[in-house]
Each structure stands twice: as C-alpha cells, then as structure tokens.
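I opened my notebook to get to know this structure. Here is what I looked up, step by step.

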Amino acid sequence: MLYLNAEKNEYFKLHQHRDLRFFLQRLRENAEKKYNAFYGEDFALDEPIFDRIIPKLRSNGKLDVYVKVVKNGVPFPVIGSNWELLEKERIKPEERRFYRFIMDAGLGEKNSLGFGFLNPIRGVKG
C-alpha cells in the first residue's frame, strides 16, 4: 500500500492511476527512507528496486486488493496489490543489507497493519 498523496490521505490505486513507474518509484523511495531512518545512513539505489515484476491479477482483472481495517473504532479501506514476482537479478555487495532489510521490514506505508511483506525465493532461475 502506498500513498498517492499522504497529506490528503489518498492511496495509490494501480487500476485507477495506471502508473507503474510512480508505483515502483514510491516503493523505492519508501524503502530507502525506512532503511536510512533505521540505520542512520544516506543510502540510495543507483537503479530500479526490482528488475522484473509479474502481477497477480484478481478474477475481475484488477491488481488492487481492498481490505477493510478498523483503527480507533473507525473502519477504512486499505488498498494494496499482490505480486507473483518482484525480482532483483543481481544484488551488489553494497546493496545486500538493504535488500535483507526490506525482506524483514516490508515495503509500503502500512506494514504495521500487515501490508508490504515479501517472501524471498532463493536460487530460482527462470
């Protein structure tokens, strides 16, 4: 789950906004921000966060997944997405700690609500 505009509490919806570049840019920025806050560093990737992505489409053809969450007694929808594959072909030695971190901390902006988790698949070549 990512914000399109955090000040307006507006979530990004792939089906509506249709901007995969924005989605991947926000994932990268958010991951770098979390990593840098945790480690007190100024790390930035030199390239895209993933080299290959494969979406997991719902039966209605949409990628977005809506989940109702109750916070402070008030229900609100959280918009996320499911992916078959988010792949990074080659991870440079100086990037290893970053990628380990996002595997542990997750991606997105509502990890505390259970969104943004990644499951590593090691040694699989397609």
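**Overall layout.** I began by reading along the sequence, and the pattern came out as β-β-α-α-β-β-β-β-α. That gives the chain three helices and six strands. I note that this is a predicted model.

**Size.** I looked up the box filled by the C-alpha atoms, roughly 45 × 35 × 20 Å along the principal axes. For 126 residues, a compact globule would have a radius of gyration near 14 Å, and the chain has 15 Å, which agrees.

**Surface and inside.** The accessible surface comes to about 8600 Å², and carbon and sulfur atoms hold 49% of it. I also found that 33% of the 126 residues count as buried.

**Helix α2.** Next I turned to helix α2, residues 20–39. At 1.5 Å a residue, its 20 residues should span 28 Å, and the end C-alpha atoms are 28 Å apart, so the two values agree. Several α2 residues are buried, among them Phe22, Phe23, Leu27 and Tyr35. Just after α2, I noted that Gly40 takes a positive phi of about 65°.

**Lys88.** Then I asked myself: is Lys88 buried or exposed? Its relative accessible area is 12%, and under 20% means buried, so Lys88 is buried. Lys88 sits in the loop between β6 (83–87) and α3 (96–105).

**Partners of Lys88.** I checked what its side chain meets: there is a polar contact with the side chain of Glu47 at 2.9 Å. The backbone oxygen of Pro48 also lies 3.0 Å from a polar atom of the Lys88 side chain.

How values were computed. Residues are numbered from 1 along each chain as its sequence is written. This is a predicted model: local features need pLDDT of at least 70, side-chain atom pairs count only at pLDDT 80 or more; totals for chains, interfaces and linings use all residues. Side-chain values use heavy atoms; hydrogens and water are left out. Helices (H or I, at least four residues) and strands (E, at least two) are DSSP runs, numbered from the N terminus. Buried means under 20% relative accessible area, exposed over 50%, partly exposed in between (1.4 Å probe, protein chains only). A polar contact is a pair of N or O atoms within 3.5 Å; within protein, one must be able to donate a hydrogen and the other to accept it, and residues adjacent in sequence count only if both atoms are side-chain atoms. The expected span of a helix is 1.5 Å times one less than its number of residues. The radius of gyration is taken over C-alpha atoms; the globule rule is 2.2 Å times the number of residues to the power 0.38. Accessible areas come from the Shrake-Rupley method with a 1.4 Å probe; for residues, only the protein chains shown count as cover.
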